[in-house]
Every structure is written in C-alpha cells, then in structure tokens.
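Welcome! Have a look at the sequence and the model below, and then we will walk through them together.

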Amino acid sequence: MNPNKTVNFRPLWDEYFMKLAWLVAERATCIRHHIGAVIVKNKRILTTGYNGAPASVEDCLSLGCLRNKLNIPSGQKHEVCRAIHAEQNAIIQGGFHGISIKGSVLYCTHSPCVLCTKMIINAGIKKVIMNIEYPDSTFKELFSEVGIKFYTLQLNNLSITQVL
C-alpha cells in the first residue's frame, strides 16, 4: 500500500443504509424538510420513499407551502400538508409493486410522526433506525408497546468513502 494515501473504511450496514436515506431525501419536493426513507430486509433494499405530493399532483415547489403560509409549527396538523411522508411513500411503494415489507427494517432521516408510526406498525416493520428526532415523540410509546425496536443513529460523516 502507498504510505501517502489515506484509507477510508467501508461504512457499517446501518451507516450505509442511512446514507442512502439521505440521498433519497434529495428528491423531496417539500420546502420545509427533505426526508428520505429506505426499507431493507436481509441487507437488500426493498423500497425507498421521500416526502412530496402524490404522483401527478402539483407540489410545494411550484405552489408554495401552505403550512408556512398558515404558520403551522413542525409536528402539528399533518393533514394540512399536501405531501405524503417519506415513510408512507416507502410503505406504499411496497404495496404498489407487490413487495412484502413484513419483518423489514426502516431507515429514515427523521423519526416518524404518529401517522407514520401507525402505518409502520401495521406494515409489520420490525425495526426503525433514524438519524434526527422530529418534534413528535409519540412513536416511542407506540413502538415500545408493540415491540418494534428503534434507535437514533448518529452519522459523523455523510460523505462517500473510498477503499483504496
């Protein structure tokens, strides 16, 4: 090995999938938050999702944000927003494409709201790994009640590493 080159090590699986969730978040059409989700089973990606308007519906990038106009704080009155959350989109993609996500792991850039929490429970997802905790912490009690494992993964570096 060349002593002048720096060796960066491969990310652990959880870090890898979380970095992918952040990459997926770049497709978000929400003005307030870019959130991404990746659903994985046996170290294989099943589906991804980001927050944005339903297919073929104008999004906030073109219409502006109604939540901003109404001064609605984060974590409140989710129904006012025209976007579908990243977790919801990832779950919907499983159903749309006939992919079972039962027993899977959800990696998400942010912790889930109460609506996403209920969908995650009913979808049969067994573990949720997030990077940032959102203001709504209702998910903790519900996940604990049904036995869904969850934790926050701190990423020190979102850059792409290279093995030399």
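Helices and strands here are DSSP runs, numbered from the N terminus, and a strand has at least two residues. With that in mind, Asn131 is found in strand 4, which spans residues 127–132. Please remember that this is a predicted model.

- The model has an open sheet of 5 strands in the order 2-1-3-4-5, and the pairing is mixed.
- Which strands stand at the edges? They are strand 2 (44–50) and strand 5 (149–152), and each has a single partner strand, so one side of each is left without a neighbour in the sheet.
- On average, neighbouring strands of this sheet are turned by 15° against each other, direction ignored.
- Strand 1 (residues 36–41) and strand 3 run antiparallel and are joined by 4 bridges; here Ile39 has Leu106 of strand 3 as its bridge partner.
- Strand 3 pairs with strand 4 in the parallel sense, over 5 bridges, and Cys108 stands opposite Met130 in strand 4.
- Strand 4 and strand 5 run parallel too, with 4 bridges between them; Lys127 has Lys149 in strand 5 as its bridge partner.
- Is strand 3 largely enclosed or open? Strand 3 is largely enclosed by the rest of the structure, because 6 of its 6 residues are buried.

**The helices**

- Strand 3, helix 5 and strand 4 form a β-α-β unit, and this unit is right-handed.
- Which residues of helix 5 (residues 114–123) are buried? They are Cys116, Thr117, Ile120 and Ala123.
- Helix 6 (residues 138–146) lies across strand 4 and strand 5, and runs at about 145° to strand 5.

**A closer look at Asn131**

- Is Asn131 buried or exposed? Asn131 has a relative accessible area of 11%, and buried means under 20%, so Asn131 counts as buried.
- The side chains of Asn131 and Trp22 are joined by a polar contact of 2.9 Å.
- The Asn131 side chain also reaches the backbone oxygen of Leu153, at 2.7 Å.
- Leaving aside residues up to four places away in sequence, Asn131 touches Met18, Trp22, Cys108, Thr109, Thr152, Leu153, Gln154 and Leu155.

**The loop between strand 1 and strand 2**

- Asn42 is found in the loop between strand 1 and strand 2, and its phi is near 55°, a positive value in a residue other than glycine.
- Asn42 has 68% relative accessibility, so Asn42 counts as exposed.
- Lys43 has its place in the loop between strand 1 and strand 2, and the phi of Lys43 is near 65°, again a positive value in a residue other than glycine.
- The relative accessible area of Lys43 is 44%, so Lys43 is partly exposed.

Methods: Residues numbered from 1 in each chain as written. Predicted model: local features only at pLDDT ≥ 70, side-chain atom pairs only at ≥ 80, totals over all residues. Heavy atoms only, no water. Buried < 20%, exposed > 50% of the residue type's maximum accessible area, 1.4 Å probe, protein only. Polar contact = N/O pair within 3.5 Å; in protein donor to acceptor, adjacent residues only side chain to side chain. Contact = heavy atoms within 4.5 Å. Pairing = 2+ DSSP bridges. Axes fitted to C-alpha atoms, helices over the stretch in contact; angles between N-to-C directions. Right-handed = clockwise from strand over helix to strand, strands pointing away.
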